[in-house]
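Subject: Structure handover

Hello,

Here is the structure we talked about, with the sequence alongside. My notes on it follow below.

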Amino acid sequence: MSDSSWESPGPEPQLAELVGQWDYSTLPANVRLGRECFLETRGVVGPIKTTRDPALVIGDRTRILSGGWGGSMTIEDPGMVEIGDDSVLIGVQIMCSELVRIGARVLVSYNTVIADSDFHPRDPDLRRSDAISGAPLGEWFGYAPRYSAPVMIEDDVTIGINTLILKGTKIGRGATVLAGSVVTADVASGASVQGNPARQVEP
Amino acid sequence: MTFVTPGERLPYDWLPVAIPSNTEFGTNAYLHSAFAFRHYRSRRTPGVRVGDHTALYDSTMFDVGPDGHVSIGDYCVINGPIFATDHDVHVGSYVYVSYEVYIADSSAPVPSWCWGETRRGRAAGRDIVIGDDCWIGVRSAVLGGAVLGRGVIVGAGAVVDFEVPDFAIVAGNPARVVGWAPPGGHRPDATQRLT
């Protein structure tokens, strides 16, 4: 019989790490947390690979949870991620190299991926030089510049499970992205979209 | 044999936490870890009921809200879906569920205890019924309002939120009926695409 439970982890440090009861002051200095934020695990706000300050801004009372398979925010130079007040994100994977801005009262459900770049160049020769540069003990040519464009998610947006939000998209205020969608273009305020690529549907 | 005793730790678990006491597990039911109950906040009795000989493998999660209830029949293979609901989910017997599957009461569920000021989720949610002998493919989503008949096959990546007749095969996002798989062979209209 154990005295620990998910709602009151008690003295178990292994459990406390999994339910948001860890020392948020150990986060990097370029992370700005609002009041009463909840970060379920250390992993949901990292890895932060940029020295930009601030690199990550999280609003008041925003909750970021790990889904079944975790969640992460990879922020590379010169990227910045901003999340507004009272938003709830669970199991989201953000890959940022320029700007990902998420508004207030936004709800992002399980296993959503938000990426503001293509990660690699379109030119196959440049891609090959990237591959060699990134390989274990590969020759260093430096990475080619990547094409990126900001992702803007406005206030009161709802994003369903298993969704992909790709670079350069703006999701208008109050819009709904239904489960399993791949968002490749702007979504109008208040609209509902579904499918791959996401198209407007009747709400 | 009993693997899972509500209110106690699993003898083989890596986590020092007990299985919630408001659960029921049948004879020979297997659960990989109490980690499955990390977001479990059901106040129902039981909040989760699992039948005999049913196996809940790695990465299965019960993100069940205070009013939520999940019932799973006998001889099911539950290979790592996330049950995210504050409503009722009934899964029949002999059901296969693949991994990265979501069985969720709405399109964008988050655990009820962190809705906060967004106040979305509860009203939109609906019950789910999955019949006996269903087969749910990888990365699919079975959402609130889905009523799967007997032997329904849900293709990989499908998103289903409607009533599906017995032995239908559904696929796509949004899903549609793409074929039939009844016992012992095909119906005469097996090649006909519906909807």
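In what order do the seven strands of the open sheet in chain B lie? The order is E1-E3-E6-E9-E12-E15-E18, and the pairing is parallel. Strand E1 (23–25) and strand E18 (163–164) of chain B are the edge strands, each pairing on one side only. Please keep in mind throughout that this is a predicted model.

Strand E6 (residues 69–72) of chain B runs parallel to E9(B), and four bridges join the two. Within that pair, Ser71(B) has His90(B) in E9(B) as its bridge partner. On to the next pair: E9(B) is joined to strand E12 (residues 128–130) of chain B by three bridges, again in parallel. Here Val89(B) has Ile128(B) in E12(B) as its bridge partner. E12(B) in turn pairs with strand E15 (residues 147–148) of chain B in the parallel sense, over two bridges. The bridge partner of Val129(B) in E15(B) is Val147(B).

The five-strand sheet of chain B

Chain B also has an open sheet of five strands, in the order E5-E8-E11-E14-E17 and with parallel pairing. Its edge strands are strand E5 (61–64) and strand E17 (159–160) of chain B, each of which pairs on one side only. E5(B) and strand E8 (residues 82–85) of chain B pair in the parallel sense over four bridges. In this pair Phe62(B) stands opposite Phe83(B) in E8(B).

Chain B as a whole

Chain B has 20 strands and zero helices. Of its 195 residues, 48% count as buried. Among the contacts in chain B with a separation of 6 or more, 30% are between residues 24 or more positions apart.

Which residues touch the most other members of the largest nonpolar core? They are Val142(B) and Val160(B), in a core of 102 residues. Apart from neighbours within four places in sequence, Val160(B) is in contact with Val142(B), Leu143(B), Ala146(B), Val154(B), Val170(B) and Ala175(B). In soluble globular proteins, nonpolar side chains tend to be buried together.

Chain A

Chain A has two helices and 19 strands. Of its 203 residues, 41% count as buried. Contacts in chain A between residues at least 6 apart in sequence include 38% that join residues at least 24 apart. The C-alpha trace of chain A spans about 60 × 50 × 35 Å along its principal axes.

Ile75(A) has Cys96(A) in E8(A) as its bridge partner. Three bridges then join E8(A) to strand E11 (residues 113–115) of chain A, also in parallel. Gln93(A) stands opposite Val113(A) in E11(A).

Where the chains meet

How many residues of each chain are in contact with the other? There are 32 residues of chain A in contact with 32 residues of chain B. On the side of chain A that touches chain B, the elements giving two or more residues are helix H1 (13–16), strand E4 (63–65), strand E7 (88–90) and strand E13 (158–159) of chain A. The residues on that side divide into 14 nonpolar, 13 polar and five charged.

Cys114(B) is one residue to look up here. Its place is in the loop between strand E11 (102–104) and E12 of chain B. Cys114(B) counts as buried because it has 20 C-beta neighbours inside 10 Å, and 20 or more are needed for that. Leaving aside neighbours within four places in sequence, Cys114(B) is in contact with Arg63(A), Leu65(A) and Val88(A).

Regards

Key: Residues are numbered from 1 along each chain as its sequence is written. Chains are lettered from A and ligands numbered from 1 in the order in which they are written. This is a predicted model: local features need pLDDT of at least 70, side-chain atom pairs count only at pLDDT 80 or more; totals for chains, interfaces and linings use all residues. Two strands pair if DSSP finds at least two bridges between them. Two residues are in contact if their C-beta atoms, placed from the backbone, lie within 7 Å. Ala, Val, Leu, Ile, Met, Phe, Trp, Tyr, Cys and Pro count as nonpolar, Asp, Glu, Lys and Arg as charged, and the others, Gly among them, as polar. A residue is buried if 20 or more other C-beta atoms lie within 10 Å of its own, exposed if 12 or fewer, and partly exposed in between; C-beta atoms are placed from the backbone. A nonpolar core is a set of buried Ala, Val, Leu, Ile, Met, Phe, Trp, Tyr and Cys residues joined through C-beta atoms within 7 Å.
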